[in-house]
Amino acid sequence: LTSKLPSVGTTIFTRMSALAAEKGAINLSQGFPDFPPDARLLARASQAILTDNNQYSPMTGLPILRDAIASLVERHYGRKVNALSEITVTSGASEAIFDTIAALVHNGDEVILFDPAYDLYEPAVTLAGGVCKRVTLTAPNFRPDWQAFAELLTDKTRLILINTPHNPTGSCWLAEDLESLWRAIASRDIYLLSDEVYEFIHFGESAVSVHKHAELSKRSLVVSSFGKSFHLTGWKVGYVVAPAELTVELRKVHQFVSFCTATPLQQALGEHLTAEPEASTGLASFYRQKRDVLRGALASSRFKLLPCEGTYFQLLDYSAISDLDDVAFCEWLIDQVGVAAIPVSVFYQQAPRDQRIIRLCFAKEEITLLEAARRLSEL
Ligand code: PMP
Ligand code: GLN
């Protein structure tokens with residue numbers, strides 16, 4: 001068998017979570033909450049199953065959910081979108097990203113992404129026959145270099161992949177970044193996939209979003225995930241907002257990848273968003289508190305804390321503690337310290353030399369964060 005993805009192994013999230021379970025370590029590696037979602041939402045999901053919402057939904061998503069998403073996007077971003085022709089519910093943001101890339105990238109097309117990049121982007125581009133070009137972001141602030149970006153643009157560039165708030169770095173773009181991006185691509189035939197799954201988890205004044213950029217949004221597919229916004233990573237319900245002509249292409253793929261997403265979960269989310277329209281507004285302050293607990297507890301450790309402006313990930317520089325590379329250091333941490341983290345180099349094609357940074361997930365109960373920090377502070 002000739003592999004279509006010869007350099008891809010099992011994801012780092014699966015590997016680190018499995019190692020953490022095997023060794024009984026505190027798992028701050030894979031990003032998922034260790035606390036339950038809103039009980040009212042869980043009750044709605046049980047009710048949806050018991051009241052006969054168990055067959056296929058429309059391919060594009062249940063109307064009650066698409067209408068609720070349209071209201072949410074208008075309320076948060078002031079963007080009016082057509083629930084029929086511009087919103088598609090998918091099985092998580094992952095499916096949305098995969099469908100978008102499969103729908104838009106032709107053989108030989110170039111796709112620009114920003115390294116470190118979430119791990120599913122490149123394999124999806126490769127399977128579509130595209131080639132990734134990368135702008136490298138470097139610690140501690142991971143700011144995009146727009147000159148370097150402009151130099152990568154060619155006649156073959158088809159798609160740009162962006163992600164803000166950013167996994168794994170916790171950095172957030174500024175409005176001027178979207179402006180720079182727009183200026184660079186305005187005169188070209190290029191589309192944008194904006195991965196905004198952490199849209200409600202940002203610690204500054206307000207998060208930058210392509211939804212708020214009138215010109216960019218006309219060329220963009222904006223991807224969101226209820227997994228992040230409602231503490232439900234296992235439900236795998238996400239959605240894409242895109243202009244009708246892009247949505248038509250996206251749906252051509254979506255209908256054959258999953259056709260539709262779990263109907264009772266869509267029903268529950270649709271009812272919940274309709275009944276509690278402000279449900280995700282407290283998310284930023286909820287996670288800011290967790291970030292501050294973790295940062296406070298690590299402040300006097302030998303780890304250097306990098307800035308964290310959004311997401312539920314905190315980066316730590318361990319240069320003062322070990323010379324191991326980050327993958328080996330994470331394996332050692334699980335084994336010797338009882339804490340699982342994610343090595344950041346795996347999100348780069350080529351990580352900056354001598355960069356020694358790991359990612360911790362702080363979507364955890366305070367007691368879990370404090371115990372992990374206590375162990376890490378002993379190093
Ligand atoms: N994009 C980013 C940046 C993510 O962090 C994640 C989930 N960790 C996803 C996409 C996938 O989201 P979902 O679980 O909804 O498929
Ligand atoms: N996105 C999650 C993270 O960054 C992991 C999702 C997964 O395991 N597929 O930790």
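The structure before us is a predicted model, in which local features need pLDDT of at least 70, side-chain atom pairs count only at pLDDT 80 or more, and totals for chains, interfaces and linings use all residues. Residues are numbered from 1 along each chain as its sequence is written, while chains are lettered from A and ligands numbered from 1 in the order in which they are written.

Helices (H or I, at least four residues) and strands (E, at least two) are DSSP runs, numbered from the N terminus. Two strands are said to pair if DSSP finds at least two bridges between them. A residue is called buried if 20 or more other C-beta atoms lie within 10 Å of its own, exposed if 12 or fewer, and partly exposed in between, with C-beta atoms placed from the backbone.

Strand β3, residues 110–115, is mostly covered, with five of its six residues buried. It pairs in the parallel sense with strand β4, residues 131–136, over six bridges. Within that pairing, isoleucine 112 has lysine 133 as its bridge partner in β4. From β3 the chain crosses through helix α5, residues 121–127, to β4, and this β-α-β crossover is right-handed; that is, with the strands pointing away from the viewer, the path from the first strand over the helix to the second runs clockwise. β3 is also joined to β5 by four bridges, again in parallel, and here isoleucine 112 stands opposite isoleucine 160.

Strand β5, residues 157–163, is in turn joined to β6 by five bridges, and the two run parallel. Leucine 161 stands opposite leucine 193 in β6. The chain passes from β5 through helix α7, residues 175–185, to β6 in a right-handed β-α-β crossover.

Strand β6, residues 191–195, has five of its five residues buried. Tyr191, Leu193 and Asp195 lie on one side, and Leu192 and Ser194 on the other, so that both faces are covered.

I turn now to the loop between β5 and α7, where both proline 165 and proline 168 are found. The peptide bond from threonine 164 to proline 165 is cis, with omega near -15°. The bond from asparagine 167 to proline 168 is also cis, with omega near 15°.

Asparagine 167 leads us to the ligands. A residue is near a molecule if its C-beta atom, placed from the backbone, lies within 6 Å of it. Of the 14 residues around ligand 1, Gly92, Ala93, Ser94, Asn167 and Ser225 come nearest. Ala, Val, Leu, Ile, Met, Phe, Trp, Tyr, Cys and Pro count as nonpolar, Asp, Glu, Lys and Arg as charged, and the others, Gly among them, as polar. On that basis the shell around ligand 1 has three nonpolar, nine polar and two charged residues. Ligand 2 is surrounded by Thr11, Phe13, Gln30, Gly31 and Asn167, a shell of one nonpolar, four polar and no charged residues.

Helix α4, residues 92–104, supplies the largest share of the shell around ligand 1, namely three residues. Twelve of the 13 residues of α4 are buried, so the helix is largely enclosed by the rest of the structure.

A separate topic is the antiparallel sheet. Four strands form an open sheet in the order β9-β10-β13-β12. β9 (304–305) and β12 stand at the edges, each with a single partner strand, so one side of each is left without a neighbour in the sheet. β10, residues 313–317, and β13, residues 357–361, pair over five bridges, with glutamine 314 opposite leucine 360.

Finally, two backbone angles. Aspartate 52, in the loop between α2 (39–50) and α3 (63–77), has a positive phi, near 75°, and is exposed, with 10 other C-beta atoms within 10 Å. Threonine 311, in the loop between β9 and β10, has phi near 70° but is buried, with 29 other C-beta atoms within 10 Å.
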